[in-house]
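Thanks for coming. I have one structure to go through, so let me put it up.

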Amino acid sequence: MAGTESDCKLEIESHDIIQDEYINPEIDDRRRKEKALVRRLDCFIAPVVMLLMIISYLDRGNIGFAATQGMNQEINLQGTQFNTAVSIFYIPYIVAEFPVSLVVKRLRFGRFIPAITLCWGLVCLFTGFIRSFAPLVVTRLLLGFFEGCLFPALTLLLCNWYKREELGVRIGFLFIASALSGAFGGLLAWAILHLDGLSGMSGWRWLYIIEGLITVVWAGCCYMLIPRNYETAYFLNEEQKALMRLRDEEMSSYSGSSGHYTKNDIREAAKDVKSWIHAVIQIAVVTILYGFGTFLPIIIKDGFNFSTVQAQYLVIPVNLWGAIVCGAGAILSDRYTARFLPLVIYAPFGIIGYAILLSDVSSGVRYFATYLIAIPCFFCTGSNIAWLSANCAPDGKRAASLGIQLTLTNIGGVISGQIYQSGAGPAFTLGHAWSLGSLTFAWLSWWVLRMIYRRRQALKDKMNAEGTTLSEEMYTDRAPDFKYQI
């Protein structure tokens, strides 16, 4: 733990390493090996995580594509039942996220993640056989619970493998995957249109069945691909495992934790105002993410007056563009350890995009506005999580803070399912106006967070200048030697 003699020694040694990096060839060798190790993690850990997220968003978001292909009429949905089915997914999702954040490390990532993936894959598959509203609600509830277990598990899995200064890009991977799922979902939905009528079943049913089968197969792959820890990782040699041990020691020293949470960790997270501000911001940006991701095919079809086929493939370039700008922002954010600036630069593009959608302009201009919205849609959601994660210690407090954030996050999912009401097209005024307001609120709130972090860091700098020493109490991110990323 930080504050002990051994940890202070490690802090001093780390400082000496920084001072001597230009004259000590051992440091250059360590940095080269560490870069090679991180690249290896990006080849074996990141792709598994990204594909899980792609599949997850495909399975939850295919209800939007199914609606454009006649699902609502075939199972006789009335009034707001479709919106209810969209929103109800997030109720068990909310319930699952906080407890999973606290226990997933003990349950072992390599067992827990494949198990929940198998469960939601089966649920998705059987959704292809529903005949009415009630079974749709049941499948959406089950899907919401199992998928609600996934995101905190993946976030904490990444925290176990990567240092905090490396996390922005890797958490960004999750939302790049979200954007790619929209592109792949559109492509898959367009292709499956050609299966309409096969074996007497509609195309939207084949959409659920095929995506469910893909998920089940990938669950089996994950059981073999996700190692228990770096000591058992099949893709690391002994030298790389030794380097991982050193990284783990350094991360544990800085975060002040052995990886096990306590009631005090939860208390520290709950009384820290930044946990709640990040969480409320996340509600706002997730409202945009889920509203945009789920309803974009419907907005393009009913709002821009394109055909069903056009609605399936026109979502593809929008989501690919979102993935590109999300990746670029995440890389720059990590490279310069800048969390605030990219967020406040990206968000205004989306604000302008929604303002255009609320204006009386041509369909082509409105479609262009979706590209503007895609700029902050995926990046801001992931970067807000990365910012909180990088500024929390110890591990238990980080898990609890992320649990609070991710639990409240999905209130945005419930909201998004209600603001784009069936029959509200072509204007979709409520949905676009609410989204514009949410993004504006997030933009203003990031300035408040910046002020809080800068004030806290100034106090730390003053304490360090005065030679204030750590107490024997639990080490947290409020300690003088913990530097916030702003």
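Helix α18 is mostly covered, with 14 of its 15 residues buried. This is a predicted model, so take what follows as values computed from it. The helix covers residues 395-409, and at 1.5 Å a residue those 15 residues should span 21 Å; the end C-alpha atoms are 20 Å apart, which agrees.

Now a residue from elsewhere in the sequence. Val103 sits in helix α6, residues 90-107.

On to the whole chain. Among contacts between residues at least 6 apart in sequence, 82% join residues at least 24 apart. The secondary structure comes to 20 helices and zero strands. The radius of gyration is 23 Å, close to the 23 Å that the globule rule gives for 486 residues, so the chain is as compact as a globular protein of that length. Along the principal axes, the C-alpha trace spans about 70 × 45 × 40 Å.

Next, burial and surface. Of the 486 residues, 57% are buried. The chain exposes about 19600 Å², and carbon and sulfur atoms supply 65% of that area.

Last item, charges. There are 41 positive and 39 negative side chains. How far apart do the centres of the two sets lie? The answer is 4 Å.

Key: Residues are numbered from 1 along each chain as its sequence is written. This is a predicted model: local features need pLDDT of at least 70, side-chain atom pairs count only at pLDDT 80 or more; totals for chains, interfaces and linings use all residues. Side-chain values use heavy atoms; hydrogens and water are left out. Helices (H or I, at least four residues) and strands (E, at least two) are DSSP runs, numbered from the N terminus. The radius of gyration is taken over C-alpha atoms; the globule rule is 2.2 Å times the number of residues to the power 0.38. Buried means under 20% relative accessible area, exposed over 50%, partly exposed in between (1.4 Å probe, protein chains only). Contact means heavy atoms within 4.5 Å. Accessible areas come from the Shrake-Rupley method with a 1.4 Å probe; for residues, only the protein chains shown count as cover. Lys and Arg count as positive and Asp and Glu as negative; His and the chain ends are not counted. The place of a charge is taken as NZ of Lys, CZ of Arg, CG of Asp or CD of Glu. The expected span of a helix is 1.5 Å times one less than its number of residues.
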